[in-house]
Amino acid sequence: MQLQQAQRKNVKIKLALQGSSGSGKSYSALQIGFGLVNNWSKIAVIDTENQSASLYANMGNFNILVLKPPFSPERYIQAINVCIQSQMQVIIIDSLSMEWEFILDAHSNLTGNSYTNWAKFTPRHQQLIQAIIQADCHIICTLRAKQDYILSEKNGKMIPEKVGMKPIQREGVDYEFTIVFELDIRHNATASKDRTGLFMGQPEFKITYQTGKQISDWCNMGVPNYDLGLLISECTNMDELRELYYSVSSVEQQQFRGQFDRRKEELNPSKSTIPSSFNSNQFNPNGNIHPNTSPK
């Protein structure tokens, strides 16, 4: 055992989006994912929703892993490992609710004492939660919410409005995430949990890729757990150098700008296709999403 001074190192966000059907969970998850890494090809969607993620293929060239029944914890873990082995930087699990529904169905089919039967499923569920928490990449989980209706006044009339209620997952699952966003049927987001301090107590808002960029900057505020100068020197072509530049925080971009520029000149002094100082304001990635774009 050894005591050491506490430091907040660079972290990978674990985020949940919960809402009723039609609230824009999948679309919002993709927006955040793109904002986190600025590279669609590094985003993977584990799709349990009958390939619904494919409806947003026009947003960018992200990857899809179609997960079919049974939606056991072990199959989720296997899917996560496939994404990690493929060096995905963002994994979107759409949705995590299917795993809990699998467990509830399997538990209800057992005979004997209902309470003691949970001992057969709790460790399996916890293995999945730990796989999510320990993964060295950003993970965004969507959670279905039980639907209900409330009466709201509009133009002097009482109109029924669909709202999201309790998420379909094990009680307390929100404790496992750094941020939990709740989405309403108008695609507005509010933070019900936020350990970053970026969104808690803020008015409802529409999620855009800028939301992911804010989270990315927060993740990179700590002490880097890598040698950025060494990574710059190891880039062998302009694409690698560009990808590295946009994967780090704006603070690191400024701090290491000189080294980025020198390596750029070493790699290709006459045919560079990126701005001389990597000005992010001039960068227009393929599949750029306008902040005011709304879900389909």
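## Overall composition

The chain contains 10 helices and 9 strands; helices (H or I, at least four residues) and strands (E, at least two) are DSSP runs, numbered from the N terminus. This is a predicted model, in which local features need pLDDT of at least 70 and side-chain atom pairs count only at pLDDT 80 or more, while totals for chains, interfaces and linings use all residues. Residues are numbered from 1 along each chain as its sequence is written, and side-chain values use heavy atoms, with hydrogens and water left out.

Of the 296 residues in the chain, 46% are buried. Here buried means under 20% relative accessible area, exposed means over 50%, and partly exposed lies in between (1.4 Å probe, protein chains only). Among contacts (heavy atoms within 4.5 Å) with a separation of 6 or more, 62% are between residues 24 or more positions apart.

## The largest pocket

The largest pocket has a volume of about 1000 Å³. Of its 34 lining residues, Lys12, Gln89, Asp136, Cys137 and His138 are the closest to its centre. Two or more lining residues come from each of helix 1 (25-37), helix 6 (209-219) and helix 8 (238-247), and helix 8 gives the most, with 4 residues.

A pocket is defined on a 1 Å grid over the protein atoms alone, as an open set of points where a 1.4 Å probe fits, with protein on both sides within 12 Å along at least five of seven lines; lining residues have an atom within 4 Å of a point. Grid points are joined across faces, edges and corners, and the volume is the space filled by probe spheres set on the points. By class, the lining has 16 nonpolar, 9 polar and 9 charged residues. Ala, Val, Leu, Ile, Met, Phe, Trp, Tyr, Cys and Pro count as nonpolar, Asp, Glu, Lys and Arg as charged, and the others, Gly among them, as polar.

Helix 6 has several buried residues, including Tyr209, Ile215 and Trp218.

Ile139 belongs to strand 5 (residues 138-154) and counts as buried because its relative accessibility is 0%. Beyond its neighbours within four places in sequence, Ile139 is in contact with Ile13, Lys14, Leu15, Ile91, Ile93 and Ile132. The C-alpha atoms of Ile139 and Ile92 are separated by 5.8 Å, although these residues are 47 residues apart along the chain.

Glu49 is located in the loop between strand 2 (43-47) and strand 3 (63-66). The side chains of Glu49 and Arg144 are joined by a polar contact of 2.7 Å; such a contact is a pair of N or O atoms within 3.5 Å, where within protein one must be able to donate a hydrogen and the other to accept it, and residues adjacent in sequence count only if both atoms are side-chain atoms. Not counting residues up to four places away in sequence, Glu49 touches Asp94, Ser95, Met98 and Arg144.

Ser95 lies in the loop between strand 4 and helix 3, and the peptide bond from Asp94 to Ser95 is cis, with omega near 10°. Met98 is one of the buried residues of helix 3.

## Backbone features in loops

A cis peptide bond also runs from Pro69 to Pro70, with omega near 5°; Pro70 is in the loop between strand 3 and helix 2. Asn155, in the loop between strand 5 and strand 6 (157-167), has a positive phi near 55°. Asn155 is exposed, because its relative accessible area is 75%.
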